[in-house]
Amino acid sequence: MLNAAIMAADEASSPLAPNWWEFLVTLVGFAVLMFIVIKFVMPAFEKTFAERTAAIEGGIAKAEAAQAEANAALTEYKQQLVDARTEANRIREEARAEGAQILAELKEKAAAESARISEQAHVQIEAERQAAVVSLRAEVGTLATDLASRIVGESLADDARSSRVVDRFLADLETSSHGAASDRAGAAK
């Protein structure tokens with residue numbers, strides 16, 4: 001019977017009219033669901049959103065700090081590069097100056113060594129010339145004495161006499177060679 005009454009009531013009502021009990025149960029279920037969402041789900045979402053916002057803002061701050069640090073490092077690098085180039089130019093100029101000084105010292109030493117060698121050569125040549133003159137005097141003296149002995153026909157073995165004859169002969173020879181040299185010098189002018 002109860003079933004027949006519910007069926008009769010269902011048939012009597014319009015299909016477009018809402019069922020108040022279903023509406024009430026749906027409304028209570030929706031309210032419970034909204035309470036659960038607002039009480040538990042929304043705070044979790046809000047916490048996650050806040051964490052993400054903080055992470056993004058922190059990342060932006062870190063990125064700005066890193067950019068500022070990179071810019072400072074770039075500026076420092078450029079300054080170090082300028083300083084290094086300046087230092088390299090200074091060292092290069094010092095090396096050039098030092099090289100020029102060493103070159104000048106080497107030229108001076110070479111000139112001094114050249115002068116010393118030249119002086120030594122002149123001294124050696126003069127010593128050899130003197131030795132040659134002494135040797136020639138002795139040889140010319142011997143030849144002159146032998147020649148004079150043959151011309152005169154007597155022996156000039158007396159050392160004092162032969163020495164005077166040789167000295168006189170050499171003096172005459174030097175006088176005649178100086179005169180010929182001055183005649184050649186006058187002719188050259």
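Predicted model: local features only at pLDDT ≥ 70, side-chain atom pairs only at ≥ 80, totals over all residues.
**View 1. Tryptophan 20 is exposed, at a relative accessible area of 62%.** Residues are numbered from 1 along each chain as its sequence is written, and side-chain values use heavy atoms, with hydrogens and water left out.

**View 2. Tryptophan 20 and phenylalanine 23 sit three residues apart in helix α2, residues 20-152.** Two aromatic pairs occur in the structure. In the pair of tryptophan 20 and phenylalanine 23, the ring centres lie 6.0 Å apart and the planes meet at 90°, so the pair is edge-to-face. The pairing rule takes rings of Phe, Tyr and Trp (its six-membered ring) with centres within 6.5 Å; planes under 30 degrees apart count as stacked, over 60 as edge-to-face, and the rest as tilted. About one helical turn separates the two residues. Phenylalanine 23 is partly exposed, with a relative accessible area of 48%.

**View 3. Phenylalanine 45 and phenylalanine 49 form a stacked pair.** Their ring centres are 6.3 Å apart and their planes are at 20°, so the geometry meets the stacked class. Both residues belong to helix α2, four residues apart, with about one helical turn between them. Phenylalanine 45 counts as partly exposed at 45% relative accessibility. Phenylalanine 49 is partly exposed too, at 47%.

**View 4. Glu87, Arg90 and Glu94 are linked in a network of salt bridges.** A salt bridge here is a side-chain nitrogen of Lys or Arg within 4 Å of a carboxyl oxygen of Asp or Glu. Arginine 90 meets glutamate 87 with an N to O distance of 2.2 Å. These two residues lie three apart in helix α2, about one turn of the helix. Arginine 90 also bridges to glutamate 94, where the closest N and O atoms are 2.4 Å apart. That pair is spaced by four residues in helix α2, again about one turn.

**View 5. Arginine 129 and glutamate 126 form a salt bridge in which the closest N and O atoms are 2.9 Å apart.** Both lie in helix α2. Three residues, about one turn of the helix, separate them. Arginine 129 counts as partly exposed at 44% relative accessibility. Glutamate 126 is partly exposed, with a relative accessible area of 35%. The count of salt bridges in the structure comes to five.

**View 6. The protein chain holds three helices and zero strands.** Along the sequence, the pattern reads α-α-α. The elements are DSSP runs numbered from the N terminus, with helices (H or I) of at least four residues and strands (E) of at least two. Of the 189 residues in the chain, 5% are buried. The accessible surface comes to about 16200 Å², and carbon and sulfur atoms supply 65% of that area. Accessible areas follow the Shrake-Rupley method with a 1.4 Å probe; for residues, only the protein chains shown count as cover.

**View 7. Helix α1, residues 2-12, has the lowest mean pLDDT among the elements of the protein chain.** pLDDT is the predictor's confidence in each residue, from 0 to 100. The chain averages 82. A score of at least 70 is reached by 78% of the residues.

Terms used: Buried < 20%, exposed > 50% of the residue type's maximum accessible area, 1.4 Å probe, protein only.
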